Amino acid sequence: MDDGAPRSGDILIPAAEIAVIVNSCFWDGCPEHTKDTKSRTKWWAAKIAENQAGDLVATEAWKRQGWDVQVFWEHERPDDVVRHILETSDAKGHKLLSDSATEISAS
Ligand SMILES: [Zn+2]
């Protein structure tokens with residue numbers, strides 16, 4: 001991207017200025033799924049710490065530009081993620097879906 005953000009969001013919603021980042025449980029060090037460090041070498045730990053630092057920089061860059069940054073983990077339920085994004089968008093005054101389409105069913 002040319003706007004100075006070091007990392008693009010995984011999903012961008014320009015109308016509502018929402019950047020959605022979906023973190024990898026492994027690469028981004030999910031607190032629920034990386035508790036077991038027995039098999040993790042120093043190299044992996046450093047790599048994950050580096051990714052987390054990069055995520056923080058990216059998030060701050062988006063926020064400076066006035067965007068809402070929504071960070072999720074890959075283990076989160078997709079319908080919960082979508083609902084959260086829609087709620088944030090609604091709160092900002094941008095209805096992404098018409099009322100009749102806001103009911104999201106879990107599959
Ligand atoms: Zn996870």
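1. Overall fold. The model is a predicted one. The protein contains three strands and two helices, and from the N terminus its elements follow the order β-β-α-β-α. The chain has 107 residues, of which 9% are buried. Of the contacts between residues at least 6 apart in sequence, 64% link residues at least 24 apart.

2. Sheet order. The three strands make an open sheet, ordered β1-β2-β3, with mixed pairing. On average, and ignoring direction, neighbouring strands are turned by 15 degrees against each other. In general, strands of a sheet pair through backbone hydrogen bonds, in either a parallel or an antiparallel sense.

3. Antiparallel pair. Three bridges join β1 and β2 in the antiparallel sense. I11 lies opposite V20 of β2, and I13 has I18 in β2 as its bridge partner. The two strands form a hairpin with four residues between them.

4. Parallel pair. The pairing of β2 with β3 is parallel and extends over six bridges. Within β3, F72 is the residue opposite V22.

5. E17 belongs to the loop between β1 (11-13) and β2 (18-23). Its phi is positive, about 50 degrees, although E17 is not a glycine.

6. Helix α1. This helix, residues 42-64, comprises 23 residues and reaches 33 Å from its first C-alpha to its last, close to the 33 Å expected at 1.5 Å a residue. α1 packs on the sheet through contacts with β2 and β3, and its direction makes about 150 degrees with that of β3. Just after α1, G66 adopts a positive phi of about 85 degrees.

7. Helix α2. Residues 78-91 form α2, which lies across β1, β2 and β3. The helix runs at about 170 degrees to β3.

8. Nonpolar core. Which residues make up the largest nonpolar core? There are five: I13, I18, A19, W62 and W67. In soluble globular proteins, nonpolar side chains tend to be buried together. Leaving aside residues up to four places away in sequence, I18 touches I13, W67, D68, Q70, I85, T88 and S89. Among these contacts, I13 is also the bridge partner of I18.

9. Loop residue C30. C30 is located in the loop between β2 and α1. Is C30 buried, exposed or partly exposed? C30 counts as partly exposed, because it has 17 C-beta neighbours inside 10 Å, whereas 20 or more would be needed for a buried residue. Apart from residues up to four places away in sequence, C30 touches N23, C25, W73 and H75. The C-alpha atoms of C30 and Q52 are 9.9 Å apart, with the two residues 22 places apart along the chain.

Notes. Residues are numbered from 1 along each chain as its sequence is written. This is a predicted model: local features need pLDDT of at least 70, side-chain atom pairs count only at pLDDT 80 or more; totals for chains, interfaces and linings use all residues. A residue is buried if 20 or more other C-beta atoms lie within 10 Å of its own, exposed if 12 or fewer, and partly exposed in between; C-beta atoms are placed from the backbone. Two residues are in contact if their C-beta atoms, placed from the backbone, lie within 7 Å. The expected span of a helix is 1.5 Å times one less than its number of residues. Two strands pair if DSSP finds at least two bridges between them. Axes are lines fitted to C-alpha atoms, for helices over the stretch in contact, and angles run from 0 to 180 degrees between N-to-C directions. A nonpolar core is a set of buried Ala, Val, Leu, Ile, Met, Phe, Trp, Tyr and Cys residues joined through C-beta atoms within 7 Å.
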